[in-house]
Amino acid sequence: MSLKELNSKNSDLEQYAYTVSHDLQEPLRMISGFLTQLQKKYSNVLDEKATMYIHYAMNGTKRMKDIIIDLLEFSRITRNDDPFVEVNINEIISDVELMNKRLISQSKATISYNDLPVIYTNRTVLMQIFQNLVNNSLKYSLTGRNPFIEITFTENDDYWEFKISDNGAGIAEEDLENVFVMFKRVGNTSAKGTGMGLALVKKAIENLNGSIRVESELEVGSSFYFTIPKTHQVVSYKR
């Protein structure tokens, strides 16, 4: 199979994933709505077991909804044609902190960063990358330890390399190869999520012609390294 044929098949598959995910939302909303009405109108005649079954069904629809949303996000990554602009990474992290304000406050987390650069890239995609990586570090923190997340960078001739390190639960060596696999959850599977976050990150970075890798140690923490090629002359920026 030629590269052109492979790219065409990948494009068709991504379009299919987008269409199916989009079309599944309406029947799922209908199921969820009827379950809610059933619980409200007949709660006085349902026994404990029936109420429990409805609760399980509603949890199932909620998880299905989360999976559909993540599939849509995954397919949109490849369809995003926003123009490249100068992006202040300090502002991106500030926005990520705001998006995770509640989780940061609850866990008493600290996010450390300083003097991150301004780079020329797709702002929307880069926001998704940092949001997913920071949120992942917050979700997989170690019980009894306040999360500490540090974001640094290295400038090379042809690319920027960013590093996001945390002091969280870490990942076992045998699980590292599955970290970026779609729907594959490793480590603390009780944490909320569908297993799509890091797969989405990898896809987003590869679409920017970058790469990502991870180093981790159980109960010590993880470090994610990813690269973004230089496509425009930029300067470092101090916040």
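This is a short walk through one predicted model, from the overall layout to a few individual residues.

First, the ground rules. Residues are numbered from 1 along each chain as its sequence is written, and side-chain values use heavy atoms, with hydrogens and water left out. Because the model is predicted, local features need pLDDT of at least 70 and side-chain atom pairs count only at pLDDT 80 or more, while totals for chains, interfaces and linings use all residues.

The layout, then. The protein chain has 6 helices and 7 strands; these are DSSP runs numbered from the N terminus, H or I of at least four residues for helices and E of at least two for strands. Read from the N terminus, the order is α-α-β-α-α-β-β-α-β-β-α-β-β. Of the 239 residues, 36% count as buried, where buried means under 20% relative accessible area, exposed over 50%, and partly exposed in between, with a 1.4 Å probe and protein chains only. Contact means heavy atoms within 4.5 Å. Among contacts between residues at least 6 apart in sequence, 72% join residues at least 24 apart.

Now the interior. In soluble globular proteins, nonpolar side chains tend to be buried together. Here the largest nonpolar core has 37 residues, and Ile129, Phe130 and Phe226 have the most contacts inside it. Such a core is a set of buried Ala, Val, Leu, Ile, Met, Phe, Trp, Tyr and Cys residues joined through side-chain atoms within 4.5 Å. Which element gives the most to this core? That is α5, with 8 residues. Leaving aside neighbours within four places in sequence, Ile129 is in contact with Val201, Ala204, Ile205, Leu208 and Phe226. Helix α6 covers residues 197-207, and its buried residues include Val201, Ala204 and Ile205. After α6 comes Asn209, with a positive phi near 65 degrees.

A polar atom of the Asn88 side chain lies 2.9 Å from the backbone nitrogen of Asn90.

The chain exposes about 14,300 Å², and carbon and sulfur atoms supply 51% of that; accessible areas come from the Shrake-Rupley method with a 1.4 Å probe, and for residues only the protein chains shown count as cover. Leu38, Tyr42 and Val45 make a nonpolar surface patch of about 290 Å². Tyr42 sits in helix α1 (residues 3-42) and is partly exposed, with a relative accessible area of 44%.

Notes
Polar contact = N/O pair within 3.5 Å; in protein donor to acceptor, adjacent residues only side chain to side chain. Patch = residues over 30% accessible without salt bridge, like charges linked within 9 Å, V, L, I, M, F, W, Y side chains within 5 Å. Salt bridge = Lys/Arg side-chain N within 4 Å of Asp/Glu carboxyl O.
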